[in-house]
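Hi,

Here is the structure I promised to pass on.

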Amino acid sequence: MSRVLMKGNEALAEGAILAGCRGFFGYPITPSSEIAEYMARKMPTIGGVFVQAESELAAINMVYGGSSAGFRVMTASSGPGISLKQEGISFLSEGELPSVIVNVSRGGPGLGGIQPSQADYFQATRGGGHGDYHTMVLAPSGVQEMMDLTMQAFHWADYYRIPVMIMAEGTLGNLMEPITVREPVTEFIDKPWVTNGCKDRAPNVMNTLHLDSDFLEKRNHHLQAKYDQIQQECKRAETFMVEDADIVIVAFGLMGRIAKKSVSEARKQGVKAGLIRPITLWPFPDGVIQAAAQTAKRFLSVEINMGQMIEDIKLALEGRVPVEFYGRIGISPNPEEITRQIVNIAAREGWI
Amino acid sequence: MAKGRVYFVEDRCKACGLCIEFCPRDVLEFDDSINILGYHPVILAKPEGCTGCAICGLMCPDLVITVEKE
Amino acid sequence: MKTVFQKPKSLQDNKFHYCPGCTHGIIHRLIAECLDEMDIRERTIGICPVGCSVLAYDYFNFDTLEAAHGRAPAIGTAIKRLLPDRYVFTYQGDGDLASIGMAEIVHASLRAEKITTFFINNTLYGMTGGQMAPTTLLGQVATTCPYGRKAEWEGYPAHMAELIAQNEGAAYVCRTAVNSPANVMKTKKAIRKALEVQQRGLGFSMVEILSTCPTNWGLSPVEAMKWMEDKMFPTYPLGEFKSVE
């Protein structure tokens with residue numbers, strides 16, 4: 001395993017290739033275009049397929065086709081492009097088609113900005129498309145996780161037959177860090193349901209239309225059972241100094257990494273602070289938050305948006321412990337800014 | 001003149017009339033009975049005139065027709 | 001006596017839900033006959049549209065996918081590129097191909113995707129009850145142009161065969177009809193030729209097939225065939241628009 005200095009977007013793309021991805025379909029959009037460009041260079045050299053699609057709509061549907069044909073496939077985009085893909089994501093979910101969708105997030109709403117953002121949290125976790133479904137959502141916080149969580153995403157996508165979204169702030173896409181390059185995946189899950197030609201078997205159909213309401217209800221229950229299983233098996237979070245914390249900061253992605261520094265600094269100033277960094281945004285690691293709530297007096301959600309993950313924190317806490325919010329738009333707050341927020345709360349509450 | 005025979009799957013016929021319209025020998029007709037779909041199904045009314053050309057089958061949209069020929 | 005005409009193997013033995021006289025039934029059968037004759041059923045993947053033929057996956061007897069509205073050529077692109085030795089076709093109606101799916105069909109032909117598209121042109125949106133399509137004729141009444149299509153308000157009909165034939169990536173583009181036995185036979189030949197173009201890897205192939213919608217035209221099936229000949233042929237001439245050798 002070698003150590004290589006890599007850019008976030010490229011580590012993500014390389015992670016996909018190591019995980020066996022052999023089809024990339026995408027449309028350029030800042031700040032995700034480097035993923036497409038890396039795939040354009042690499043795919044032809046490994047017998048894979050790269051198509052620059054005519055639009056985000058076409059790209060997500062190419063993913064639908066490639067997945068149905070039995071391949072590990074992905075697409076990458078940002079805000080407005082992810083919005084365009086919502087119908088396709090709903091279709092992928094009902095069709096139970098393994099797939100990886102990357103959102104390298106930028107500011108919104110509208111055309112927004114190209115600075116980093118976390119304002120697609122609702123879109124990602126509440127399912128921006130139509131119908132009852134969920135996609136898994138993973139939030140890397142560094143270039144190593146860009147590679148590692150992408151590889152995990154392909155495994156979970158195949159294992160649970162579900163689209164998995166990787167959501168990373170734009171900054172992370174362009175950040176360069178030394179990482180350990182992982183070994184390629186060599187074992188893959190069998191897929192008897194694929195539509196790749198019915199030689200020696202009965203034909204398979206990939207469809208999501210169910211006009212009979214009894215069948216549609218059963219289908220929805222089937223999907224929900226899968227989501228319940230994922231909730232049991234896949235919640236992931238990093239915790240830092242929460243055991244005796246008076247105030248627990250909750251932050252994801254790059255924000256989580258920045259907040260970790262703030263927590264250390266706040267501790268030096270006498271505040272018993274801790275951090276929970278959700279790694280899976282769906283399923284949301286509510287158990288870890290509930291456990292911390294046994295002793296914590298307050299939670300602080302720090303996000304690069306106007307307040308989205310805070311709702312999941314409140315749901316997890318069921319009103320038992322107050323939750324506050326600190327957010328910026330278009331900029332990752334620096335550690336000092338967050339440390340100040342923590343210390344101010346501590347002073348206001350009389351803990352220091 | 002070659003002899004042919006046409007077989008109809010009665011409960012699939014929707015009485016669209018295309019086979020009757022295009023039969024070059026006018027051997028097909030709507031029957032008086034009503035099938036399970038509520039239509040008058042087509043029958044081979046004049047079997048002696050059928051040449052087995054299969055134009056009826058060609059024009060049938062509903063896989064109603066099988067044609068045999070000597 | 002030997003059987004000279006019967007249901008092809010590439011069609012299941014299911015009753016079609018289509019209206020009486022709907023030409024989808026004829027065209028499904030022609031495609032299935034070609035797949036049987038070329039013996040490629042087990043290597044074919046069909047992509048069904050949103051429209052009356054959304055349920056074609058209940059009729060075709062090989063691997064099929066249902067596509068989001070208009071996106072079949074994109075789905076086909078991925079499948080064919082990942083499985084180049086399979087036969088991939090899309091089956092699309094007026095709205096699917098010429099309206100919401102316009103970008104997908106144009107780009108599939110620009111990229112010379114080695115897939116085949118069967119475009120079923122009946123001038124209307126059938127499944128949703130007879131609304132105007134990009135292919136609705138000037139003067140034709142539809143539920144969303146109830147005063148008759150006027151160029152000034154609703155623009156001009158789309159000539160998809162001519163449009164796609166201009167793209168270098170398109171290797172075979174033609175327009176046929178199914179209003180008569182002779183034309184049904186010509187349509188079958190065109191379907192066969194399009195699949196052979198795919199077989200030879202020459203590029204994108206498309207057969208635009210003029211079809212009827214008796215229910216939404218308010219005509220009997222036989223009258224509808226006549227209407228097609230009288231009204232559609234002048235706007236949508238039959239013929240081969242592109243054929244590379």
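Val205(A) has Thr64(C) as its bridge partner in strand E3 of chain C. That pair belongs to a parallel pairing between strand E9 of chain A (residues 205-206) and E3(C), made over two bridges. Bear in mind throughout that this is a predicted model.

The strands are one part of where chains A and C touch. The contact takes 32 residues from chain A and 28 residues from chain C. On the chain C side, the elements that give two or more residues are strand E2 (44-48), strand E3 (63-66), helix H2 and helix H4 (102-110). Which of them gives the largest share of that side? H2(C) does, with eight residues. Sorted by class, the chain C side has 14 nonpolar, six polar and eight charged residues.

H2(C) is worth a look for its helix partner too. The crossing of the two helices is right-handed. If you want to click through the residues, H3(A) brings Ala58(A), Asn61(A), Met62(A), Tyr64(A), Gly65(A) and Gly66(A) to the contact, and among those they meet in H2(C) are Ala74(C), Ile75(C), Ala78(C), Ile79(C) and Leu82(C). By class, this helix contact comes out at eight nonpolar, five polar and no charged residues.

H4(C), also on the side facing chain A, has Glu104(C), Ile105(C), His107(C), Ala108(C) and Ser109(C) as its buried residues. After H4(C) comes Ala112(C), which has a positive phi, near 55°.

Now for chain C against chain B. Here the contact takes 24 residues from chain C and 24 residues from chain B. On chain C, the elements giving two or more residues are strand E1 (2-5), helix H1 (24-38), helix H7 (181-199) and helix H9 (221-235). The chain C residues on this side divide into 13 nonpolar, seven polar and four charged. There is a strand pairing here as well: E4 of chain B (residues 65-69) and E1(C) run antiparallel, joined by three bridges. Within E1(C), Phe5(C) stands opposite Val67(B).

A few backbone details to check by eye:

- Thr30(A) and Pro31(A) are joined by a cis peptide bond, with omega about 0°. Pro31(A) sits in the loop between strand E2 (23-26) and helix H2 (33-42) of chain A.
- Gly108(A) and Pro109(A) are also joined by a cis peptide bond, with omega about -5°. Pro109(A) is in the loop between strand E5 (99-105) and helix H6 (121-125) of chain A.
- Glu96(A) is not a glycine, yet has a positive phi of about 55°. You'll find Glu96(A) in the loop between helix H5 (86-94) and E5 of chain A. Glu96(A) counts as partly exposed because there are 19 C-beta neighbours inside 10 Å, and buried would take 20 or more.
- Leu63(B), not a glycine either, has a positive phi of about 55°. Leu63(B) lies in the loop between helix H2 (55-59) and E4 of chain B. With 23 C-beta neighbours inside 10 Å, Leu63(B) counts as buried.

Cheers

Technical notes
Residues are numbered from 1 along each chain as its sequence is written. Chains are lettered from A and ligands numbered from 1 in the order in which they are written. This is a predicted model: local features need pLDDT of at least 70, side-chain atom pairs count only at pLDDT 80 or more; totals for chains, interfaces and linings use all residues. A crossing is left-handed if the near helix is turned anticlockwise from the far one by less than a right angle, and right-handed if clockwise. Helices (H or I, at least four residues) and strands (E, at least two) are DSSP runs, numbered from the N terminus. Two residues are in contact if their C-beta atoms, placed from the backbone, lie within 7 Å. Ala, Val, Leu, Ile, Met, Phe, Trp, Tyr, Cys and Pro count as nonpolar, Asp, Glu, Lys and Arg as charged, and the others, Gly among them, as polar. Two strands pair if DSSP finds at least two bridges between them. A residue is buried if 20 or more other C-beta atoms lie within 10 Å of its own, exposed if 12 or fewer, and partly exposed in between; C-beta atoms are placed from the backbone.
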